[in-house]
Amino acid sequence: MINFFVKTILVLCVFLLSCISCSDEVIQPLEKDEAYNLQFPSYFPEMTFDTSTNPVTKNGVELGRKLFYEGRLSRNNTISCGFCHIQENAFTHHGHTVSHGVDDRIGIRNAPPIQNMAFLKRYMWDGVIHNLNEQPISPITDINEMDSSIPEAISKIKDDQKYKKLFREAYGDETITGERILKALSQFMASLISADSKYDRFRQGKEQLTSAESQGMALFGQKCASCHSGELFTDESFRNTGMYYNTEFKDAGRYRVTLNQVDWMKFRVPSLRNVEYTAPYMHDGRFYTLEAVLNFYSGQVEDNPNLDSQLKQNGHIGIAMNSQEKQSIIAFLKTLSDKSFISNPKFAE
C-alpha cells in the first residue's frame with residue numbers, strides 16, 4: 001500500500017514537471033508582501049495619506065521607487081520623476097530656477113521638494129492636487145515636463161519582464177493599470193519621510209542647539225512661524241508675499257486654479273525642512289540663497305491689494321530684521337537639514 005502511494009506521488013510529480021517544462025513562462029511563487037512601516041516622531045502631525053484605500057507595502061514601495069526613476073514614463077523616454085526631484089537636494093531640481101522637461105522644455109515653476117508628503121493636505125504650488133495618489137498625473141501629462149499619458153506609459157512597460165514581476169509581487173498579478181502605477185508612485189512618495197535633523201534630535205532631547213541656533217529659533221518663532229508653523233514648518237495656506245509678477249512665466253499662483261482675483265499671486269507656504277539643500281527658492285526660483293530670501297522679506301516686499309496681512313504689521317511692509325538676526329535665523333534653518341534623508345539608499349535609484 002505504501003509503495004502504491006509513493007509511486008502515485010512520483011507519477012504526479014513527473015506529470016507536473018512535464019507541464020511546467022512545456023509552458024512558455026514559468027510563474028515564480030509570489031513573494032509574501034508585508035506592510036511598510038512608516039516611521040515618524042510622535043510630535044509630527046497626523047498622517048493624511050489614506051492607507052485604507054492604498055495600503056503601503058514593502059513591494060508597493062519598491063515598485064514605486066522603480067517607477068519614480070523610470071524615464072519611459074515620459075514621451076521621449078528621458079525624463080523621470082527623479083530627473084527633477086534629486087535626492088541629494090531633498091528631491092528638488094537643483095541648479096534650475098524652474099523645472100526642465102522633455103526636449104529641454106522649460107516649465108513655469110520651481111520643482112518643490114518631495115518630503116513628508118504623507119502628512120500634507122495639498123500639493124503643488126497652487127494646491128490644485130488634494131490626493132497624493134493623483135499627484136503624478138500632473139507631471140506625466142504636462143507638455144513642458146514629461147509630455148506623456150498614462151496609456152502611453154503602460155504601453156512601454158507592459159511587456160517588461162521586470163515590471164511584470166514587480167507588479168505581481170505588489171498586487172498579486174501582472175496586470176499593469178494606470179491606477180496601480182499611480183498608487184505605487186504615491187506609496188514611494190509617502191515613504192519619503194524626513195525626521196532626523198538636528199532639530200529633531202533637539203526635540204527628542206538627544207542634542208543641544210548652539211546659542212546662535214537657539215537665538216535663531218526664538219527669532220523664527222517671532223518673525224516666521226505665523227506662516228511656517230508646526231513640525232513641518234508650513235501651515236499649508238496660500239499667501240501673497242509681495243513678489244512681483246514674473247512676466248516670463250505668467251504664473252499668478254492660486255488664481256490659476258480659482259480664477260478669483262483675491263487669489264492673485266498667492267502661493268502655497270512651503271515646508272522649510274531641508275531648506276538648506278533646496279535652493280533656488282520661491283515658486284519661480286528667483287532667489288539662490290537664504291540670505292537673499294530674508295533680504296527680500298526685510299526690505300523688498302512690494303505692497304499690493306492682496307498682500308498678506310502678516311506682512312503689513314504696524315504700518316511696516318515686510319518683516320523687520322537686522323543682519324545679525326538674519327544670520328541667527330539661517331543658523332536655525334540649517335538645523336532642519338536631514339543628512340540621512342538625502343543619503344538614504346532606500347530612496348535612491
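# Exercises on a predicted model

The second largest pocket has a volume of about 320 Å³. The model it belongs to is predicted.

**Exercise 1.** Describe the lining of the second largest pocket by residue and by class.

Solution. Start with the residues: 17 of them line the second largest pocket. Those nearest its centre are Gln 39, Ile 193, Asn 344, Lys 346 and Phe 347. Then sort the lining by class: eight residues are nonpolar, six are polar and three are charged. One of the residues nearest the centre, Phe 347, also belongs to an aromatic cluster with Phe 68, Tyr 69, Phe 91, Phe 188 and Phe 341.

**Exercise 2.** Classify the ring pair of Phe 287 and Phe 296.

Solution. A pair of aromatic rings is described by the distance of the centres and the angle of the planes. Pairing requires centres within 6.5 Å, and the count for this model comes to 21 aromatic pairs. In the pair Phe 287 and Phe 296, the centres are 5.4 Å apart and the planes stand at 40°, so the pair is tilted. As for accessibility, Phe 287 and Phe 296 are both buried.

**Exercise 3.** Find which ring lies under Arg 203 and which under Arg 286.

Solution. Take Arg 203 to begin with: it lies over the face of Tyr 43, 4.2 Å from the ring centre. Next, the charged end of Arg 286 sits over the ring of Tyr 244, at 4.0 Å from its centre.

**Exercise 4.** Describe residues 211–337.

Solution. The unreviewed UniProt entry places the feature "domain: Cytochrome c" at residues 211–337. In the model, this span is 30% helix and 6% strand. Its end C-alpha atoms lie 18 Å apart.

Notes
Residues numbered from 1 in each chain as written. Predicted model: local features only at pLDDT ≥ 70, side-chain atom pairs only at ≥ 80, totals over all residues. Heavy atoms only, no water. Phe/Tyr/Trp six-rings, centres within 6.5 Å; stacked < 30°, edge-to-face > 60°. Buried < 20%, exposed > 50% of the residue type's maximum accessible area, 1.4 Å probe, protein only. Lys NZ or Arg CZ within 6 Å of the ring centre and 35° of its normal. 1 Å grid on protein atoms, 1.4 Å probe; cavity = no way out; pocket = protein on both sides within 12 Å on 5 of 7 lines; lining within 4 Å. Points joined across faces, edges and corners; volume = space filled by probe spheres on them. Nonpolar A, V, L, I, M, F, W, Y, C, P; charged D, E, K, R; others polar. UniProt positions renumbered as here; feature names shortened; annotations may be inferred. Helix = DSSP H or I, 4+ residues; strand = E, 2+ residues; numbered from the N terminus.
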